[in-house]
Amino acid sequence: MSKLFTNIKVGPQEFSHRVVLAPLSRLRAETGGVPGALMVEYYEQRASEGGFLITESAAVFVDGNGYLGSPGLYDDSQIAGWRLVTDVIHAKGGKVFAQIYHAGRQVACRSATES
């Protein structure tokens, strides 16, 4: 039998299978980099009991975001949006880890309503 559907322990974390959602940039955040209903649905569809999901990159600072539609993780509204995402993953018995990033020195990528 394949090891794909067997338990594995990575550090202190235990997973009931070895299928992992790799971080994929979906660029579906709402205005202000807030994770909304579309992102909640995306992660909920991919969550599973004992599964491991790595989020798409989330900017850690307003001027560190390199893509329109990319979520952030630096203000209260974004944190509240990510809470909705993590709640649906945890409800299905999955675990989620945030991939955070800063796009480097550049002109901030903001929509006209955020300027």
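The legends below accompany several close-up views of this predicted model.

**About the model.** Local features in this predicted model need pLDDT of at least 70, side-chain atom pairs count only at pLDDT 80 or more, and totals for chains, interfaces and linings use all residues. Residues are numbered from 1 along each chain as its sequence is written, and side-chain values use heavy atoms, with hydrogens and water left out.

Figure 1. Helices (H or I, at least four residues) and strands (E, at least two) are DSSP runs, numbered from the N terminus. Starting at that end, the elements follow the order β-β-β-α-β-α-β. Along the principal axes, the C-alpha atoms fill a box of roughly 55 × 25 × 20 Å. The protein has 115 residues, of which 32% count as buried; buried here means under 20% relative accessible area, exposed means over 50%, and partly exposed is in between, with a 1.4 Å probe and protein chains only. Among the contacts with a separation of 6 or more, 70% come from residues 24 or more positions apart.

**Figure 2. The open sheet E3-E4-E5.** Three strands make up this sheet, and the pairing is parallel. Two strands pair if DSSP finds at least two bridges between them. Strand E3 (20-21) is joined to E4 by two bridges, while six bridges join E4 (residues 52-59) to E5. E3 and E5 (95-101) stand at the edges with a single partner strand each, so one side of each has no neighbour in the sheet. E4 is mostly covered, with six of its eight residues buried. As a reminder when looking along any regular strand, the side chains alternate between the two faces of the sheet.

**Figure 3. Leucine 53 in strand E4.** Leucine 21 stands opposite leucine 53, and valine 96 is the bridge partner of leucine 53 in E5. Leucine 53 and leucine 21 lie 32 residues apart in sequence, yet their C-alpha atoms are 4.7 Å apart in space. Leucine 53 counts as buried because its relative accessibility is 1%. Leaving out residues up to four places away in sequence, leucine 53 touches Leu21, Tyr43, Arg46, Ala47, Ile89, Lys95, Val96 and Phe97.

**Figure 4. Helix H1 against helix H2.** The axes of H1 (residues 37-46) and H2 come within 9 Å and cross at roughly 25 degrees. Axes are lines fitted to C-alpha atoms, for helices over the stretch in contact, and angles run from 0 to 180 degrees between N-to-C directions. H1 is therefore roughly parallel to H2; angles under 35 degrees count as roughly parallel, over 145 as roughly antiparallel, 65 to 115 as roughly perpendicular and the rest as oblique. From H1, the contact draws on Met39, Val40, Tyr43 and Glu44, and from H2 on Trp82, Leu84, Val85, Val88 and Ile89. By class, that contact has eight nonpolar, no polar and one charged residues. Ala, Val, Leu, Ile, Met, Phe, Trp, Tyr, Cys and Pro count as nonpolar, Asp, Glu, Lys and Arg as charged, and the others, Gly among them, as polar. H1 also lies across E3 and E4, running at about 155 degrees to E4.

**Figure 5. Glutamine 78 and alanine 80 in helix H2.** H2 covers residues 76-91. Which residues does glutamine 78 contact, leaving aside its neighbours within four places in sequence? They are Gly32, Gly33, Val34, Pro35, Gly72 and Leu73. Glutamine 78 counts as buried because its relative accessibility is 0%, whereas alanine 80, at 43%, counts as partly exposed. Alanine 80 is 23 residues from serine 57 in sequence and 17 Å from serine 57 in space, C-alpha to C-alpha.

**Figure 6. Serine 70 and leucine 27, two loop residues.** Serine 70 sits in the loop between E4 and H2, and leucine 27 in the loop between E3 and H1. At 3% relative accessibility, serine 70 counts as buried. Apart from residues up to four places away in sequence, serine 70 touches Leu27, Ala29, Gly33, Ser57, Asn65 and Tyr101. Leucine 27 counts as partly exposed, with 38% relative accessibility. Take a look at the backbone of leucine 27 too: its phi is positive, about 55 degrees, although leucine 27 is not a glycine.

Note on methods:
Contact means heavy atoms within 4.5 Å.
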